[in-house]
Amino acid sequence: SHVSAIMLASAQFWFSQGLDQFTAGKDLRNIALLRCNLCQCCKIRANTNVILPGSNKDQDKKSNAEIFLQKAVDHLVSAHEAMGERDADSLTWDMVSEELAATLLVLGVRRRQSSLAGSSSSQPLFLPGLRLTPGAEKEIVEPMLRSCKIYESLGTAHARHQAAAANYQLAMYFSKVWTCQRDEQKTRDKLAAAFKHFGLAHQYFFLNSKGNEPTFIVLSLDFSSLYAAVSGEECLGKALGISLDTREAFSPDAISAAHERLNPSDIREWFNNMKTLSENVESRVLKLLLSLTKLEKDNNSKLKKDCPHSEKYKSMYREVLTHKMKPQTDESTNLKDQRESPSSFAIHELLQKLSKLLKP
């Protein structure tokens, strides 16, 4: 709105005036704080259609969010440059660092979304014409890598969580572009990068799934999809293992923790979301086991009759079919009384049985 534009312009003006004064006085802490405020102004412009008084409307329409996010990054880099080193003021330095890491991650994700806007968000690219130039790829990947490195250097619990999130975003990028590279070596490099970043993100959320159940499950499904896309019995087996690893997110302990963590108005939404995710996991497991059962049958057909034949995947597939034939109770009925002791999701028992059958 016009009022919002005037207020934002006024804020930017006074922040800039203050920055000039504190720069002249070499007040490093306040220089950094004002840079952070100017960064926030840029981020507001990146996320809204505010056109400041006196600016060229046509130019503003052509400008996109990435320009303002880059300006936000520049302010934070300048704050670090003014301070020189962390020892000058460690608390302020770390605050700027965390804001810089967050802004870099948003910038990288925004560039990825705009560059790959013409493709499905959940499927890799196959058309060579959709392949990005090295420069365009660098503009996407470099901010996210910088973000990840900064978060890792901070070492706090929140920073470790955000570093895992940055690795997840990097994995999503590489998992989309590995299929449309110009040669086999580039394909291998992008695929290896996808596995690397998925592995780092999965390792964190596997150990910290409590409170992050939906994120962990969605990440696991994406990681599983990457292995399944590579094909082959080994990769399909790993895809299955990753899917089965989501079992603790559906456990009674996870539900009890959610009741303690969430207020009554949010627990039903969480429960319904998890119910949908449980159906997605079940569908993925069934599909993977069908493929593995076919491979197992083909392998057995090549063996002599007196040789031992494996029926591991066939037994697991039957277990899933038996589970699907059972009458399904509406798990949301557990939420009629928010204080009632909840039971586990139906899929939890299934995943536990399959995990035991998968072990050699």
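From the N terminus on, the elements of this protein run α-α-α-α-α-α-α-α-α-α-α-α-α-α. That gives 14 helices and zero strands. The model is a predicted one, and what follows was computed from its atoms.

The chain has 360 residues, and buried residues make up 42% of them. The protein exposes about 19900 Å² of area, with 52% of that supplied by carbon and sulfur atoms.

V285 touches L240 itself, along with S243 and L244. V285 also touches V320, L351 and L354. This list leaves out residues up to four places away from V285 in sequence.

S114 is found in helix 5, which covers residues 90-115. Is S114 buried, partly exposed or exposed? S114 counts as partly exposed because its relative accessibility is 42%, and that class takes in values between the 20% limit for buried and the 50% limit for exposed. The side chain of S114 reaches the backbone oxygen of R111 at 3.0 Å. Along the sequence, S114 and I140 are 26 residues apart; in space, their C-alpha atoms are 10.0 Å apart.

Note on methods
Residues numbered from 1 in each chain as written. Predicted model: local features only at pLDDT ≥ 70, side-chain atom pairs only at ≥ 80, totals over all residues. Heavy atoms only, no water. Contact = heavy atoms within 4.5 Å. Helix = DSSP H or I, 4+ residues; strand = E, 2+ residues; numbered from the N terminus. Buried < 20%, exposed > 50% of the residue type's maximum accessible area, 1.4 Å probe, protein only. Polar contact = N/O pair within 3.5 Å; in protein donor to acceptor, adjacent residues only side chain to side chain. Areas by Shrake-Rupley, 256 points an atom, 1.4 Å probe, with all protein chains shown as cover.
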